Amino acid sequence: MSRSLRRGALAATAIVFSIAALSACGAGNDAQTLEVRPDNAAVTVDDVKIQNALVITQPELGVKGPAVVSATVFNNGNLPQTIDSITLPGTLGTVKLKAAEGAGPIVVPALGSVVIGGEGNASAVVENGLAEARNGNAQKVVFKLSKTGDVSLSAFVVPAAGYFKDFGPSIVPAPPAATPSATASASGEAEHAAEGEGEHGTEPSGEASHTAGH
């Protein structure tokens, strides 16, 4: 094959792969698309770069519970910075920050990075949930750093399923339909009533036998 034909074949192959990737992205938030990590939101302001920013909600629709913000924050400066706050403009969500060590602010070291979200990492929990957000939409997120100030970007909203399961909220309430305690209570009451009827039913028999003996 000539060099020109070889280049044409490679270009055609690249186009096919690009179309396939775009088709997969448009498939929605089903199990297959969630297994592939997309190119998530990223932004750079001065010495700070934030990438892979996401807002992760409960895994099941209709379940009320906390959401989380997940991201990696890089500091290319020569001085450390702290993340003073994370806000979600346009929502009632209040984000509570917690360092990986459990105490003190989240510190982004000089010429280093910090991961927010996932086991053993710093966390940013939207304690009162995020009822306004819809999976698949983009949500504005503002990171306020001690030296750089506000750094904002639009993050995808995704459920804590598939690839994102391990980065989602640690508190996952049971779905509304699941009420095992109520079922168990009803079952216990039924058994207690049956036992009571059985005990009551033996008394007349004993009295009848005693009378017959006389």
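How many of the 214 residues of the protein chain count as buried? The share is 29%, where buried means under 20% relative accessible area, exposed over 50% and partly exposed in between, using a 1.4 Å probe and protein chains only. Keep in mind that this is a predicted model, where local features need pLDDT of at least 70, side-chain atom pairs count only at pLDDT 80 or more, and totals for chains, interfaces and linings use all residues. Residues are numbered from 1 along each chain as its sequence is written, and side-chain values use heavy atoms, with hydrogens and water left out.

View 1. Helices (H or I, at least four residues) and strands (E, at least two) are DSSP runs, numbered from the N terminus. Starting at that end, the order is α-α-β-β-β-β-β-β-β-β-β-β-α.

**View 2. Here is the largest nonpolar core, with 31 residues.** A nonpolar core is a set of buried Ala, Val, Leu, Ile, Met, Phe, Trp, Tyr and Cys residues joined through side-chain atoms within 4.5 Å. The members that touch the most others are Ile50, Val73, Ile83, Ile86, Val141 and Phe143. A second, separate core holds 6 residues, including Leu54, Ile56, Val158 and Phe164. In soluble globular proteins, nonpolar side chains tend to be buried together.

**View 3. Strands E3 and E7 run antiparallel, joined by 5 bridges.** Two strands pair if DSSP finds at least two bridges between them. Val73 has Val114 of E7 as its bridge partner. On E7 (residues 112–116), Gly112, Val114 and Ile116 make up the covered face, while Ser113 and Val115 make up the uncovered one.

**View 4. Val68 sits in strand E3 (residues 67–75).** Val68 counts as buried because its relative accessible area is 8%. Skip its neighbours within four places in sequence, and its contacts (heavy atoms within 4.5 Å) include Leu54, Ile56, Val126 and Phe167. Gly129 is 61 residues from Val68 in sequence, yet their C-alpha atoms are 8.5 Å apart in space.

**View 5. Asn75 is another residue of strand E3.** Is Asn75 buried or exposed? Asn75 counts as buried because its relative accessibility is 1%. A polar atom of the Asn75 side chain lies 2.8 Å from the backbone oxygen of Leu79. Leaving aside neighbours within four places in sequence, Asn75 also contacts residues including Asp47, Pro80, Gln81 and Gly112.

Definitions and conventions. A polar contact is a pair of N or O atoms within 3.5 Å; within protein, one must be able to donate a hydrogen and the other to accept it, and residues adjacent in sequence count only if both atoms are side-chain atoms.
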